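Here is a short tour of one model, taken helix by helix. Have the sequence and the 3D view at hand as you read.

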Amino acid sequence: MPSFLTHRARVHDAGLPLHRRHSALRTCLTVFAPYGLRATYHHLTLSAAIPRRLEADPDALVRAAEELHEARELWLVRADQYAEQRRAEKHAGRRAVPNPRPWWLRNWWESPDRAWFEDPSRHPSLCLSEYVRRQNAILDGTEPPGCPACGDEGPPVLRSTGHGGVELCRGCAWLLTPCPCGQLHRFVPETPFNWNEIWQRAHMSDDGRPNSLWPAR
Ligand SMILES: [Zn+2]
Ligand SMILES: [Zn+2]
């Protein structure tokens, strides 16, 4: 398991070539990515304004690594508490994992955030530590208003599954109401995407703003 802090330090290391610092950021994302690796990367390109050409603003990589680091610190505290609680439960003879599972132990294919894995541009616009705080609060039993993931209180988007329908958050495509058939269906992106283009930040300009010419369709 790569060490998050080692790779975070590489992102910061101005003596390294930019492509190495960029790939260190990716390694950090393999360790911790609250929206999933691709969607978290996409989020960070926007929130940290990572330009298409890294040379245009090398500090953007540091901003991205720090947003991720801050969220991870919050998560670590909660994950430690959870591990402690599970140890006590097991000790008391309760071995089964309580439902719902904590947000970081969900499988993406059975999770309401599945869309973020199938379309990296769909994810909450919350900064990562705000998202982690919100998920931790839900785990502790609070029920914040709006979409559980992003807080959007607007009407859901209805999507047909052919034999029924699902309701998705209009903000982040979180699954608010599953299909009546009980199956969990794939989320098909409205605009087909090419991950390599996203990774190379084709969706960003050199000034760190979204590229209005992309996707070129
Ligand atoms: Zn949402
Ligand atoms: Zn169905």
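Which residues in helix α1 (residues 4-12) are buried? They are H7, R8, R10 and V11. Please keep in mind that this is a predicted model.

As for partners, the buried residues of α1 pack against α2 and α4.

## Where α2 meets α4

Helix α2 covers residues 18-31 and helix α4 covers residues 59-91. Their axes come within 10 Å and cross at roughly 15 degrees. Because angles under 35 degrees count as roughly parallel, α2 and α4 are roughly parallel to each other. The crossing of α2 past α4 is left-handed.

Which residues make this contact? From α2 come R21, H22, L25 and C28, and they meet L61, A64, A65 and L68 in α4. By class, the residues of this contact are 6 nonpolar, 1 polar and 1 charged.

Let us step back to the loop between α3 (37-47) and α4, where A49 is found. Is A49 buried or partly exposed? A49 has 19 other C-beta atoms within 10 Å, and because a residue needs 20 or more to be buried, A49 counts as partly exposed.

A49 and R63 are 14 residues apart in sequence, with their C-alpha atoms 8.6 Å apart in space. Setting aside neighbours within four places in sequence, A49 is in contact with A60 and G208.

Now for A71, which lies in helix α4. A71 counts as buried because it has 22 C-beta neighbours inside 10 Å, and 20 or more are needed for that label. Beyond the neighbours within four places in sequence, A71 is in contact with P34, L128, S129 and V132. A71 and A88 are 17 residues apart in sequence, and from C-alpha to C-alpha they are 26 Å apart in space.

How do α4 and helix α6 (residues 128-139) lie, and at what angle do their axes cross? The axes come within 8 Å and cross at roughly 20 degrees, so α4 and α6 are roughly parallel to each other. In this pair, α4 passes α6 in a right-handed crossing. On the α4 side the contact is made by E67, L68, E70, A71, L74, W75 and R78, and on the α6 side by L128, S129, V132, R133 and N136. Sorted by class, the contact has 6 nonpolar, 2 polar and 4 charged residues. Note that L68 of α4 takes part here and also in the contact with α2.

Our last stop is P124, found in the loop between α5 (114-118) and α6. With 25 other C-beta atoms within 10 Å, P124 is buried.

Which residues does P124 touch, not counting those up to four places away in sequence? The answer is Y131, A149, C150, G171 and C172. Of these, G171 is 47 residues from P124 in sequence, yet their C-alpha atoms are 6.7 Å apart in space.

How values were computed. Residues numbered from 1 in each chain as written. Chains lettered and ligands numbered in written order. Predicted model: local features only at pLDDT ≥ 70, side-chain atom pairs only at ≥ 80, totals over all residues. Axes fitted to C-alpha atoms, helices over the stretch in contact; angles between N-to-C directions. Helix = DSSP H or I, 4+ residues; strand = E, 2+ residues; numbered from the N terminus. Parallel < 35°, antiparallel > 145°, perpendicular 65-115°, else oblique. Left-handed = near helix turned anticlockwise from the far one by under 90°. Contact = placed C-beta atoms within 7 Å. Nonpolar A, V, L, I, M, F, W, Y, C, P; charged D, E, K, R; others polar. Buried ≥ 20, exposed ≤ 12 C-beta atoms within 10 Å, placed from the backbone.
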